[in-house]
Amino acid sequence: MGFNDPTDWVSTGNFTLNYLISGDFNKGIPLGKVTVFAGESGAGKSFICSGNLVRNAQAQGIYVILIDTENALDEKWLHALGVDTGEDKLLKLNMAMIDDVAKTIHEFMKEYKEMSERPKLLFVIDSLGMLLTPTDINQFQAGDMKGDMGRKPKALTSLVRNCVNMFGSYNVGMVCTNHTYASQDMFDPDDKISGGQGFVYASSIVVAMKKLKLKEDEDGNKISDVRGIRAACKIMKTRYAKPFESVQVKIPYETGMSPYSGLLDMIEKAELVKKEGNSLVYTTLDGEIIKKFRKAWEANTDGCLDKVMTEYSQKSTTKISNVSSEEDVAE
């Protein structure tokens with residue numbers, strides 16, 4: 001009975017992506033829900049989910065259960081992203097069967113509900129697309145590869161639906177990665193998420209990702225060499241902000257992702273800054289004029305982007321308050 005609004009959120013490591021998902025620059029993905037990041041290989045899914053989200057969850061005292069289905073998450077790579085692999089902070093499980101994942105989560109939650117003091121938990125599955133069904137295994141052993149006859153989409157849908165119901169009343173969340181494939185529908189050109197649409201409907205938040213090449217040096221100058229990736233993220237489903245908004249997050253190989261990446265593009269689109277010659281100008285609520293070159297804005301020189309985020313959040317809160325007041329007056 002009653003409502004189960006999220007009380008704990010985990011940052012993705014990027015302010016703009018946080019805002020597009022949750023409507024708040026500092027929130028990100030919520031506990032009590034199921035979030036899916038889907039994209040092609042190398043689009044940055046594991047970087048955000050198994051790296052940033054795990055690290056930031058641990059910083060908030062949230063225990064992480066990391067289920068690796070690709071046998072690709074090396075401890076050295078996780079350490080490079082700031083993840084604590086100690087047993088008191090992280091439990092890493094290697095699984096290949098979707099039935100084993102479902103059984104593990106069910107047994108874990110069964111014991112969790114009986115605890116007198118329940119810790120905050122985050123399940124991370126990387127990835128759903130690599131999970132196998134018993135049919136896959138049997139056909140491989142028999143040398144008769146006919147496919148699983150549609151069992152996997154049904155199993156994934158069942159997994160997500162059950163997790164949504166189990167987690168809703170507790171501070172337990174789940175983040176999954178999944179693969180996508182090119183759409184063959186000329187009227188709907190967006191990439192399709194593998195595993196059917198059933199589990200997408202059951203998921204609380206869905207983020208589609210696409211890999212683009214990053215050809216910039218450390219100063220933002222255009223070069224011919226590929227120095228990283230640009231993860232194009234599109235929020236396909238969310239109840240906390242306007243859906244179908246996009247951001248391109250830069251992830252240089254040497255320095256990693258900046259939390260401010262994509263923020264300048266967002267505030268430009270919202271017409272918060274105006275172009276004057278080669279500079280971008282922002283006028284604060286106090287009348288202060290901030291005028292800087294684009295590179296200085298992107299580098300958050302003198303905390304210029306921090307000021308815009310703070311005031312943008314204040315304006316959003318004021319707007320909501322004004323709407324509530326107008327409704328009260330009307331009544």
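In the predicted model, the side chains of Asn18 and Thr12 are joined by a polar contact of 2.8 Å. A polar contact is a pair of N or O atoms within 3.5 Å; within protein, one atom must be able to donate a hydrogen and the other to accept it, and residues adjacent in sequence count only if both atoms are side-chain atoms. Asn18 lies in helix α1 (residues 15–22). Helices (H or I, at least four residues) and strands (E, at least two) are DSSP runs, numbered from the N terminus. Asn18 counts as buried because its relative accessibility is 1%. Buried stands for under 20% relative accessible area, exposed for over 50%, and partly exposed for values in between (1.4 Å probe, protein chains only). With residues up to four places away in sequence left out, Asn18 touches Ser11, Thr12, Gly13, Gly23, Asp24, Phe25, Asn26, Lys27 and Gly28, contact meaning heavy atoms within 4.5 Å.

The model is a predicted one, in which local features need pLDDT of at least 70 and side-chain atom pairs count only at pLDDT 80 or more, while totals for chains, interfaces and linings use all residues. Residues are numbered from 1 along each chain as its sequence is written, and side-chain values use heavy atoms, with hydrogens and water left out.

Two packed helices are described by the angle between their axes and the distance between the axes. For helix α4 (residues 98–112) and helix α6 (residues 151–167), the axes come within 10 Å and cross at roughly 10°. Axes are lines fitted to C-alpha atoms, for helices over the stretch in contact, and angles run from 0 to 180 degrees between N-to-C directions. α4 and α6 are therefore roughly parallel to each other (angles under 35 degrees count as roughly parallel, over 145 as roughly antiparallel, 65 to 115 as roughly perpendicular and the rest as oblique). The contact is formed by Ile98, Asp99, Val101, Ala102, Ile105, His106 and Met109 of α4 with Arg151, Ala155, Leu156, Leu159, Cys163, Met166 and Phe167 of α6.

Leu91 belongs to strand β5 (residues 90–94) and counts as partly exposed, at 33% relative accessibility. Its contacts, not counting residues up to four places away in sequence, are Tyr63, Val64, Ile65 and Leu66. The C-alpha atoms of Leu91 and Met109 are separated by 15 Å, the two residues being 18 residues apart along the chain.

An open sheet is formed by 3 strands in the order β13-β14-β15, with antiparallel pairing. β13 (274–276) and β15 (289–293) stand at the edges with a single partner strand each, so one side of each is left without a neighbour in the sheet. On average, neighbouring strands of this sheet are turned by 35° against each other, direction ignored. β13 pairs with strand β14 (residues 279–283) in the antiparallel sense over 3 bridges; two strands pair if DSSP finds at least two bridges between them. Glu276 stands opposite Ser279 in β14.

Backbone geometry was also examined in the loops. Asp126 and Ser127 are joined by a cis peptide bond, with omega about 10°, and Ser127 is found in the loop between β6 (121–126) and α5 (134–142). Asn71, a residue other than glycine, has a positive phi near 50°. Asn71 is placed in the loop between β4 (63–68) and α3 (75–80) and is exposed, with a relative accessible area of 66%. For Asn300, also a residue other than glycine, phi is positive and near 60°. Asn300 occurs in the loop between α9 (294–298) and α10 (304–330) and is buried, with a relative accessible area of 12%.
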